Amino acid sequence: AARHPAQNEMCDFIDNNCNGMTDEQVACDGTTVVGSAGGMLTSTASSGSAIRVVIPPSALATPTTLALGEIHPRNLTPLPPLQTFLSLPVALSPPEVTFGLPVTVSLPAAGPNVEVIALSNPDDTTWERVAWTSANGYVTFTTSAGDIFAVATHTCEEGVWDHDQMISTACAPWSDCSAGSY
C-alpha cells in the first residue's frame, strides 16, 4: 500500500496512513483492555479537558482492547450546512465493538446551540443526533457500540432565529413563532 502522510491515524487499530505503524499518534492515549468487570477509558482533549467512557460490569463478555481519542474531522463526512465542530471528534474504537449494556461517554462542551452527533464508523455518511445531558461544561450520553462522536454547534441564517438553543428546533423563521409558543 502507498503511504498517505496526510491521512491521520484514528485510534481504530488500523494503519490509516499506511506507514507500517498502527495508531502511533499521541491521540491514542486512551487504549486499554476492558473485561467483564467493566472499567473506564480516559483521554485528554486538545482543550486539556478530560474525555471519559465508563463501561459498566457485564457490558463486555470477554476482555476487549478499546481505544479512545480525538481524530481530525477531515477524514470524516462533512457536517451539514451551518454546523461547525466545537472540538475535535472523538473515536471509541474499534467501531465494530458492541456493548451488552450502555456505556456512558462524557465530552467537554460549552456554549449555546450545542448538539452531540455520531457516526457509526469512519465510512458512515450520515451524522445522527445523540440524546445527551449537560452539566459542569460536559455533555454526557450513552452508547451501545464503538462510534465516532462530536460536539457541534450551529448558526442561523439571516431572517431566522434560535428561540430555544436546541438544534432540533433551531433557526425558526421569524414568522413561524408566535407569543406563547417556543
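**Figure 1. Overview of the chain in a predicted model.** Among contacts in the protein between residues at least 6 apart in sequence, 60% join residues that are at least 24 apart. The protein contains 14 strands and zero helices, and 42% of its 182 residues count as buried.

**Figure 2. Close-up of an open sheet built from five strands.** The strands follow one another in the order β2-β3-β7-β11-β10, and their pairing is antiparallel. At the edges stand β2, which covers residues 39–44, and β10, which covers residues 133–135, each of them pairing on one side only. On average, and with direction ignored, neighbouring strands of this sheet are turned by 25° against each other. The antiparallel strands β2 and β3 are joined by six bridges, and Gly39 has Ile55, a residue of β3, as its bridge partner.

**Figure 3. Close-up of the largest nonpolar core, with its 26 residues.** The members that touch the most other members are Val53, Ile55, Leu66, Phe99, Leu107, Val139 and Phe141. Several elements give two or more residues to this core, including β3 (50–55), β4 (64–70), β7 (98–108) and β11 (138–145). The largest share, four residues, comes from β7. Once its neighbours within four places in sequence are left aside, Leu107 is in contact with Ile51, Val90, Gly137, Tyr138, Val139, Phe141, Phe149 and Val151. Another core, of 10 residues, lies apart from this one, and among its members are Ile71, Leu76, Trp127 and Ala150.

**Figure 4. Close-up of the cis peptide bond from Ser93 to Pro94.** Most peptide bonds are trans, and most residues other than glycine have a negative phi. The bond from Ser93 to Pro94 is cis, with omega near 5°, and Pro94 lies in the loop that links β6 and β7.

Terms used
Residues numbered from 1 in each chain as written. Predicted model: local features only at pLDDT ≥ 70, side-chain atom pairs only at ≥ 80, totals over all residues. Heavy atoms only, no water. Core = buried A, V, L, I, M, F, W, Y, C linked by side-chain atoms within 4.5 Å. Buried < 20%, exposed > 50% of the residue type's maximum accessible area, 1.4 Å probe, protein only. Contact = heavy atoms within 4.5 Å. Pairing = 2+ DSSP bridges. Axes fitted to C-alpha atoms, helices over the stretch in contact; angles between N-to-C directions.
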